[in-house]
Amino acid sequence: MELKQALIIIITGMLGTVGFSALFRCDKRRVICNALGGALTCLVYVLCCRFLDNLFWQNFFPALFATAYAEAMARAMKAPATPILACSIISLVPGGKLYYTTYYLVTSQEELFHTTLKETLLVAAGLAVGIICISVIVHEINRHKFKQIFDVE
Amino acid sequence: MQETDERYSEKVLSLALDLGKSMVRSGAEMNRVEDTVIRIGYAYGMKKTEVFSIISVIYATVIDSEGKTQSQLRRISSMSVNFEKLEKLNDLSRRICKNKPDPDEARRELESICVPGKKFNIIVCLGYMLGSASFTVFFGGTLLDAVASMPIAAMIYLMQSFIKTQGTSRLFFTALESAAAGLAALLFVHFGFGNNADMIMIGDIMLLIPGLMLINSLREMLCGDMMSGLLRMLESVLVAMAIAVGFALPILFWDYIV
């Protein structure tokens, strides 16, 4: 991937994140945090595309990063993590692949349809597993904390 | 005294459920909502609070200090993501658990958060346009494509805020929006406004894809809320299929139209 293309991806990814922050009606104070998350996630994505050639891992690591970023920022800013995650991960969502899957289906290009469908599912799986990996850890930590609170009561 | 007590637990229960309902409506996960309802119940001194929720229903029972039982149910029929409101609701529930204000006072605060916003919000509309334009370029479109995707994004926003009524099936409506957006993109390119119809469509697809729903469903399943998680997962897959069907129609019939 060329440098110019990588820069376009990072910048448009960041702008897209800002757009979605408005779409989800985020708090105005969070927009910068979301935009940074979107840009960094795209940076990780670009790096992964450069060094890995498996579609699953290319999306797994950015999703892992975005979730960790959202959870960390949520702790730092005392805000829920889901809004930050939903905005920063948006550029990884396989909208393009979904389009081409549909396109090849209706133009009856069987072969291409099968490969893109498989790719779409692979990307979605990469994202899901990435999100789950971090969320499980955070969830366990939180549960541990709650347990202590309830024990005291 | 007994009657006021009964009124008290009723007030607490309806406050907790209304807060929970507003949270679901603005885009919270179900386990967060259940957690909130239980915490509010305990904060107001209920002996026991039980809550069950799936994506469209919250049902809760409280047993007060005298052993009297109260149950109420809330039905959630429509959703509109609003994270600012969600954060305020979160803050409110945290304050309720900490300061234990009078239920009436807490309800007044809840109502002041939940005032319905304006139907047309220019910033949200600009967000739709910026989002679609950015992703058009992100997936390889030209600048002209980005500009062409903007009016389509505005159209999607207007459809979502004005035509959508409670009765309309979400799947059907998503397919309709997608079909309209696809047709508009093909028409734009046909008349020379835009270079690649596919890139314009992809930019607008990104607005419709249920990404937040998918994230919420994963989180719900992780926290052991299988029922909500699976239902939401199924719903988001169906919505994605509705988008595909919607965009397929104009592509399919384009050759006959022109």
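Which residues in α7(B) meet which residues in α8(B)? From α7(B) I found B:Thr174, B:Glu177, B:Ser178, B:Ala181, B:Gly182, B:Ala185, B:Leu186, B:Phe188 and B:Val189, and they meet B:Ala197, B:Ile200, B:Met201, B:Asp204 and B:Leu208 of α8(B). By class, this contact has nine nonpolar, three polar and two charged residues.

This is a predicted model, where local features need pLDDT of at least 70, side-chain atom pairs count only at pLDDT 80 or more, and totals for chains, interfaces and linings use all residues. Residues are numbered from 1 along each chain as its sequence is written, and chains are lettered from A and ligands numbered from 1 in the order in which they are written.

I checked the helix geometry next. The axes of α7 (residues 170-190) and α8 (residues 197-208) of chain B come within 9 Å and cross at roughly 155°. The two helices are therefore roughly antiparallel to each other (angles over 145 degrees count as such). I noted the crossing of α7(B) and α8(B) as right-handed.

Then I turned to the domains. The domain assignment of chain B gives domain 1 (2-113) and domain 2 (122-257). Their C-alpha centres lie 34 Å apart. Ten residues of domain 1 of chain B are in contact with eleven residues of domain 2 of chain B. On the domain 1 side, α2 (30-43) and β1 (48-54) of chain B are the elements that give two or more residues. That side has four nonpolar, five polar and one charged residues.

How values were computed. Domain bounds come from an automatic or database domain assignment. Two residues are in contact if their C-beta atoms, placed from the backbone, lie within 7 Å. Helices (H or I, at least four residues) and strands (E, at least two) are DSSP runs, numbered from the N terminus. Ala, Val, Leu, Ile, Met, Phe, Trp, Tyr, Cys and Pro count as nonpolar, Asp, Glu, Lys and Arg as charged, and the others, Gly among them, as polar. Axes are lines fitted to C-alpha atoms, for helices over the stretch in contact, and angles run from 0 to 180 degrees between N-to-C directions. Angles under 35 degrees count as roughly parallel, over 145 as roughly antiparallel, 65 to 115 as roughly perpendicular and the rest as oblique. A crossing is left-handed if the near helix is turned anticlockwise from the far one by less than a right angle, and right-handed if clockwise.
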